[in-house]
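Here are a few friendly notes to read beside the model. Please keep the structure open and look up each spot as you go.

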Amino acid sequence: QERAEGYALYEEKPNLRRRGSEIGTWSDHEYGLPGFQWMYLRLKSFQRFCESWALLERCKIAHIFDSFLTNFSRLGVISLGGGPGYELLAFDWFLRFCRVGNTVAWLQHEEATALTQQQCIQDIRFASLDLQPSWERYLSILGYDFAQFDIHHPDALDQILNIYSDDRP
């Protein structure tokens with residue numbers, strides 16, 4: 001029953017049709033429904049991951065990451081409205097891939113994977129900032145942070161700047 005309702009919400013996009021006070025394809029309430037999340041995670045995961053990876057490849061080709069791709073001591077990556085973390089996962093894996101520098105090694109050798117995990121996870125902190133608190137459980141599984149966040153709040157910029165103000169790497 002929940003999955004059927006989730007499928008219907010995903011297909012019908014009632015929040016767009018209502019044109020009410022909530023901005024977005026689906027309302028915060030709709031994003032929080034288990035049946036909707038089942039559908040959303042199932043359909044959006046590959047799309048968002050692939051879109052993000054393709055964008056990251058373009059950024060690398062344009063040398064946007066040159067200053068920190070292989071030589072940084074600490075890095076905080078924040079996804080605004082990041083939901084369950086598709087974009088963070090893509091960025092995390094992309095950095096691991098770039099640090100190994102060899103597609104075959106990255107895909108086939110456990111030693112290379114272990115090395116990149118050790119290098120990346122210890123010096124990068126990932127966080128999704130989203131209005132929907134139920135995304136936190138998915139980010140936790142990925143090992144990323146979550147903070148409930150409203151981009152429309154008057155102090156939103158200050159909140160973003162303070163996310164990584166502590167001493168955690």
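**Notes on the model**

1. Lys13 sits over the face of Tyr10, 5.1 Å from the ring centre. A charge counts as over a ring if NZ of Lys or CZ of Arg is within 6 Å of the ring centre and within 35 degrees of the ring normal.

2. A word on the source: this is a predicted model, where local features need pLDDT of at least 70 and side-chain atom pairs count only at pLDDT 80 or more, while totals for chains, interfaces and linings use all residues. Residues are numbered from 1 along each chain as its sequence is written, and side-chain values use heavy atoms, leaving out hydrogens and water.

3. Now the strands. Strand β1 (residues 75–80) pairs with β2 in the parallel sense over six bridges, and Val77 is opposite Phe126 in β2. Pairing requires that DSSP finds at least two bridges between two strands; helices (H or I, at least four residues) and strands (E, at least two) are DSSP runs, numbered from the N terminus.

4. Strand β2 (residues 124–130) also runs parallel to strand β3 (residues 145–148), joined by four bridges. Between β2 and β3 the chain passes through helix α8 (residues 136–142), in a right-handed β-α-β crossover. Right-handed means that, with the strands pointing away from the viewer, the path from the first strand over the helix to the second runs clockwise. In β3, Ala147 is the bridge partner of Leu129, and Gln148 that of Asp130.

5. Is β2 buried or exposed? Seven of its seven residues are buried (under 20% relative accessible area; exposed is over 50%, partly exposed in between, with a 1.4 Å probe and protein chains only). Ile124, Phe126, Ser128 and Asp130 point one way, and Arg125, Ala127 and Leu129 the other. In a regular strand, side chains alternate between the two faces of the sheet.

6. Phe126 also belongs to an aromatic cluster, with Phe49, Trp53, Phe65, Phe91, Trp93, Phe94, Phe97 and Tyr144.

7. Finally, look at His63, in the loop between α4 (34–61) and β1. Its phi is positive, near 65°, whereas most residues other than glycine have a negative phi. His63 is exposed, with a relative accessible area of 51%.

Key: Rings of Phe, Tyr and Trp (its six-membered ring) pair if their centres lie within 6.5 Å; planes under 30 degrees apart count as stacked, over 60 as edge-to-face and the rest as tilted.
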